[in-house]
Amino acid sequence: MTEIDLSPWVPRGVDERAGAFARAVVAQLDLASWSRARSLLWAASRLCAFALSCGLDPEPSVVLSSALIERFILVGTKSWSPAARRTLRSDLSFLAKRVLSPAPSPVPLGRERAKAPYSESELAAYLALADAQPTVSRRQRASGLIALGAGAGLIGADLRLVRGHDVIERSGGVLVVVKGRCARVVPVRAEHHFRALDAACFVGAGFIVGGAEPNRRNVTSPLIASLAGGKDLPRLSLARLRSTWVSRCAADIGLATFMAAAGLRCSQRLGDVVADLDPGEEAYAVRLLGGAR
Amino acid sequence: MNDPATLARLLAVIDASGVPGRLEALLPVGVRPRQLSVRTLLLGMLLTLADGRPAHLSRVHEALVGLDEESRRHLGIVCESKHGPHTLTYRQVEYTFSLLENVLSKDVPDGAAKQALGQVLDALLEASVGREYTARSRSLAIDWTDVESFSTRRTKKDGTYCDKEASWGHRKGGGPGEKDELFFGYYLSLATMVRDDAGAEVPELVRRMALASPDHDPVPALVEVLGRLVSSGVAIGDVVADSGYAFRVPEHFALPMRALGASLVMDLHPSDRGTQGTHGGAICFNGALFCPATPSALFLIEPLSRQASEEETKVHDARSAELLRYKLGVTSTWDADGYHRVGCPAVLGKLRCPARKASMALSFSHPEVLALASHLPPCCVQKTITVPATVNAKTAQKHPYPSKAHRRSYARRSAVERSNARIKDPATTDVARGWCRLMGLVPMSLFLACALVARNLAVADAFDERQVENARRLAAGLGPKTRRRRRKVIAELVGTVSP
């Protein structure tokens, strides 16, 4: 039972029965703040008013049923802003869960975060390891894999599908023509130009990371396994290679400065912001993303 | 009224009805030919009533002898005799009218119309309704009103009144301060043509009438008249009626009207509203069947008040729309025996119900049945159930009651009130006591029919003029002319809302 006094709350624009219902259900909860109680009271009273308009009894088991909450959100709040509807649904789901089934909710599992980028010394160690491979072929392929991962941010199918002739010199830099679902042209960062071009010349029309069937998911596994250098140098992670490229490009374009100034924290918001902007010409991208010679 | 065009138009109506020939054949034939024919008598009656004069035979005589010389000779009002030209006398008018009355009266008058009289009235009214209008609509609004007899209210020694066929009836006007009261006379039932639902505008012409003493129920009398209308080859669509008709036992109104092919649009009597038992587990409510899981609060819905605000109307419509989600939908037509099939609303995709697994795939914007009965009735187990004619026999109607569709459809009923008002308007034909001083059902019926014919012609003229005016406005980029709003709310009077 909440210790907050709900009596100051006055229902506005709804039936008195809806107000009484809201007080009754919110009083069952153990709430810490008055503002939280007030928002729950408002949400419950609106839901109950909707239930009454549908001819339903103001019983918690009826009014707080998930079907009615969903119907209320879909039908009863059509003209409301999306933010208000999201908040309302969260509040009502919280109320329903706490009032109807007070059992503990499932434990939240950790969210996947972006991988940490490699430092300069770690990357240098992997490159040295690549150069120390016993055969020319493996040396070139390992070198190319690191150059495309840390120099162009390619992973997964994008990386497996790159052939030697997809690495080209153009617009004042070295570019990788990526094929597949997310086809694009990516400038290779200047420090990896030599290795990317060298590997590309070596394989010609073949795949840079090796293999004859790019749809096989474990094509790169043997190559990566050969780059595991004991305790001090763990197994190479393609995700960290990409993260290295992303963080260096972000630093070059001043992304952190921009997001801090704009107060943006979420990449989805960032996607909304740039959705209608022109990505610019190829030469501009080469210069901006550190690909110029 | 001596306008030749009017005269020709009235004669055309009389001739189109075929009534003069039919009645002349029934009248006795004497040695000396009658000077006043039935055709001329009817013309005199129509001229009198078209001119807004009372239904007195002396006025009929005045109207006939007041015609121009050529018309008088042509119609036999002036004829040649051995003593020279003879002009029609009042006694001759009275004589021909009494002959008519004799042949159209029952042998033992009982206050109900003889079939021959009914056919004459039908023919006269139908002839006054142009075919160009009847093709546009099949819907009728029906109602009855009171018509007082001129008879004295004092009884004779034998317990009868001067007017042998009139009797005491009950009337209740809707005016402010108007009370229920008794009257001595007849019930006049009218069937006025109204537009079909979503149909084109039509003039509000009276197509049928029935006059009966209050000793007889006016409802079966009008049903009989409408039966004759259908027998004559005219199909009936909607029949819009108030609760006075809806309240009658189904055998007297609802069932015979449905048998005639009519779709009823009625206001239900307060005693007939609400839940009225079940059929196959479905709840009978206001003439329709509803899911047994319908929230009981939805059954408390009442018709919208006439004074309802816009906001109240919106709430009422939303509530009735919510109720309709639970209504069992009609899935078949009515067969010859009056049976039809209705389906579960969850099966028809109007509702989410755990008893119908497929319906749970519907979006959450549909209402959901939250509590199922432990024992499911047939309407919840079968996809459809059969509904015999006896279920909701009295209350079943075209639109769900009360709903927005019903309200709009029922609003057409005011046309018949306007028909009543027109013949009771002191500014035109006022059928108040003394309007017709002849006693008995036949004289009153004939004069009322003539009054309605005159009214129909005037209404049709006004309608045509309005159509021409609307066409002119449309060509000028204006909308149709609407009636001026007469209701003034307080907010308008104090100036807070612009009128």
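Biologist: In which sense do β5(B) and strand β6 (residues 206–212) of chain B pair, and over how many bridges?

Modeller: This is a predicted model. In it, β5(B) and β6(B) pair in the antiparallel sense over six bridges. Two strands count as paired from at least two bridges. Within this pairing, Ser189(B) stands opposite Ala210(B) in β6(B).

Biologist: What joins strand β3 (residues 139–148) of chain B to β5(B)?

Modeller: Ten bridges, with the strands running antiparallel. Asp146(B) faces Tyr187(B) of β5(B) there.

Biologist: And how many bridges join strand β4 (residues 167–171) of chain B to β5(B)?

Modeller: Five, again for strands that run antiparallel. Trp168(B) has Phe184(B) as its bridge partner in β5(B).

Biologist: Why is strand β5 (residues 181–194) of chain B called largely enclosed?

Modeller: A residue is buried if 20 or more other C-beta atoms lie within 10 Å of its own. Ten of the 14 residues of β5(B) are buried, so the rest of the structure largely encloses this strand.

Biologist: Turn to chain A. What makes up the secondary structure of chain A?

Modeller: Chain A has 14 helices and three strands.

Biologist: Why is chain A called more spread out than a compact globule?

Modeller: The globule rule gives 19 Å for 293 residues; the radius of gyration of chain A is 29 Å, well over that, so chain A is more spread out than a compact globule. Its C-alpha atoms fill a box of roughly 80 × 40 × 35 Å along the principal axes. Of the 293 residues of chain A, 31% count as buried.

Biologist: How far apart are the C-alpha centres of domain 1 and domain 3 of chain B?

Modeller: They lie 61 Å apart. The domain assignment places domain 1 of chain B at 4–104 and domain 3 at 277–394.

Methods: Residues numbered from 1 in each chain as written. Chains lettered and ligands numbered in written order. Predicted model: local features only at pLDDT ≥ 70, side-chain atom pairs only at ≥ 80, totals over all residues. Domains from an automatic or database assignment. Buried ≥ 20, exposed ≤ 12 C-beta atoms within 10 Å, placed from the backbone. Helix = DSSP H or I, 4+ residues; strand = E, 2+ residues; numbered from the N terminus. Rg over C-alpha atoms; globule rule 2.2 N^0.38 Å.
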